[in-house]
Amino acid sequence: MFAIIGITALILYGLLVFYVGRSCWSWIRGKAPFWFKYVYIGLIVLLSTSFLLGRIGEGLVMFQILGAYWMAVFCLLLLVLPVVHVGLWLLRLTKLSRSTAQTGVGLAVLVTLLAAIAYGTFNAYSPVVREYHVDIPKPNPVARQLNIVMAADMHFGQLSGRQHAVRLVERINALKPDIVLFPGDIVDDDLRPYEEKGIDDILSGISARYGVYAVLGNHDRCQGQMDHFIDVLEQGNMTILYDEAVTIDDSFILIGRKDRIDRERAPLSELVAGLDASKPLILLDHQPYDLDIAEQQGIDLMLSGHTHRGQIAPAHLITGLLFENDWGYLQKGSLHSIVTSGFGFWGPPIRMGSRSEIVQIQVNFLE
């Protein structure tokens with residue numbers, strides 16, 4: 001089944017690349033020398049495979065960076081080109097010559113692409129703080145309020161590096177959190193850039209009364225043993241909850257799950273068994289599935305990421321169909337679900353229709 005899905009996806013991708021490549025070639029072939037056709041074909045092949053080559057095995061940095069920007073341009077072209085073709089068809093009804101129309105449209109596409117990339121880059125690297133207020137009808141003997149700061153999907157790697165990490169730490173500390181929570185996808189499929197860039201040293205600068213806790217996401221992977229992966233992350237002064245629960249200051253319980261793709265992930269009922277349900281139960285689960293199960297198991301607050309809110313519109317329409325709560329706040333019975341669009345990005349360092357964000361949650365405990 002996975003092989004069939006993979007082959008189908010590659011065929012579809014190939015057809016879309018052909019569509020983009022042929023469309024762009026129609027604007028430049030009249031002005032290019034005969035030999036440039038072969039250079040152009042080679043360039044399209046290189047660009048279209050760079051994203052895949054950068055993620056095979058340990059990959060190459062050049063292909064990872066090239067592939068990320070290719071995917072950004074590719075996605076934007078898929079949005080723009082259908083509109084362009086309709087525009088060209090309408091221009092045929094005017095007295096403009098074909099070459100003049102194509103030149104004008106080509107320049108318009110180029111300007112649109114540059115503007116979109118600039119805007120998307122700004123959205124990706126300029127995080128905002130989103131604030132939520134949640135009332136949990138359980139007592140907290142230590143304090144009536146809890147200031148939670150959450151960030152997910154940092155995807156630290158080649159393009160989300162040291163400066164983005166510094167930005168994260170500065171923004172978090174400015175919010176004076178009681179506790180900091182990372183619900184997954186801390187690294188981007190490869191642990192090496194995280195180590196080489198010293199991201200752990202930067203993250204160790206986070207200051208919070210109860211510390212930093214995290215769970216792993218579907219991109220938190222490495223070539224070696226998972227124990228080593230967790231050890232490296234915990235050098236950044238965070239605690240990884242790997243299907244574990246911990247009671248914080250005898251006032252609330254934090255539960256962290258393995259990611260949904262982990263075959264050894266325990267059912268939630270097993271993780272909450274034996275816990276003091278009179279205390280507030282806060283769940284970290286990277287992918288925001290099974291809200292009904294979390295509600296049935298007595299979870300008060302479930303924090304997730306993963307969706308990126310689609311990252312590049314109109315993909316948010318797809319995440320909205322896949323997840324009951326794909327972004328923001330949702331109450332389901334006694335369960336409060338909050339899903340962040342993420343602090344980083346996957347693939348292209350572009351966000352269109354979504355924004356890099358840090359989430360601040362003011363929890364009020366009621367007696």
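User: In which helix does alanine 165 lie?

Analyst: Alanine 165 is part of helix 5; helices (H or I, at least four residues) and strands (E, at least two) are DSSP runs, numbered from the N terminus. This is a predicted model, in which local features need pLDDT of at least 70, side-chain atom pairs count only at pLDDT 80 or more, and totals for chains, interfaces and linings use all residues. Residues are numbered from 1 along each chain as its sequence is written, and side-chain values use heavy atoms, with hydrogens and water left out.

User: Is alanine 165 buried or exposed?

Analyst: Buried means under 20% relative accessible area, exposed over 50%, and partly exposed in between (1.4 Å probe, protein chains only). Alanine 165 has 0% relative accessibility and therefore counts as buried. Not counting residues up to four places away in sequence, alanine 165 touches Phe156, Ile199 and Ile202, where contact means heavy atoms within 4.5 Å.

User: Where is aspartate 262 found, and how far is it from alanine 165?

Analyst: Aspartate 262 is in the loop between strand 7 (252–256) and helix 9 (268–272). With a relative accessible area of 24%, aspartate 262 is partly exposed. Alanine 165 and aspartate 262 are 27 Å apart, C-alpha to C-alpha, and 97 residues apart in sequence.

User: Which residues touch the most other members of the largest nonpolar core?

Analyst: A nonpolar core is a set of buried Ala, Val, Leu, Ile, Met, Phe, Trp, Tyr and Cys residues joined through side-chain atoms within 4.5 Å. In the largest one, which has 30 residues, they are Leu168, Phe182, Tyr194 and Met238. Elements that each supply at least two residues of this core include helix 5 (162–174) and strand 3 (179–183). A second, separate core of 27 residues includes Leu47, Phe51, Phe74 and Ile312.

User: How is the packing of two helices described?

Analyst: Two packed helices are described by the angle between their axes and the distance between the axes. Axes are lines fitted to C-alpha atoms, for helices over the stretch in contact, and angles run from 0 to 180 degrees between N-to-C directions. Helix 2 (residues 36–53) and helix 3 (residues 61–91) pack at about 120 degrees, with axes 7 Å apart. These two helices are therefore oblique to each other; angles under 35 degrees count as roughly parallel, over 145 as roughly antiparallel, 65 to 115 as roughly perpendicular and the rest as oblique.

User: Which residues of helix 2 meet helix 3?

Analyst: Leu46, Leu47, Ser48, Ser50, Phe51 and Leu53 of helix 2 meet Phe63, Leu66, Gly67, Ala68, Trp70 and Met71 of helix 3.
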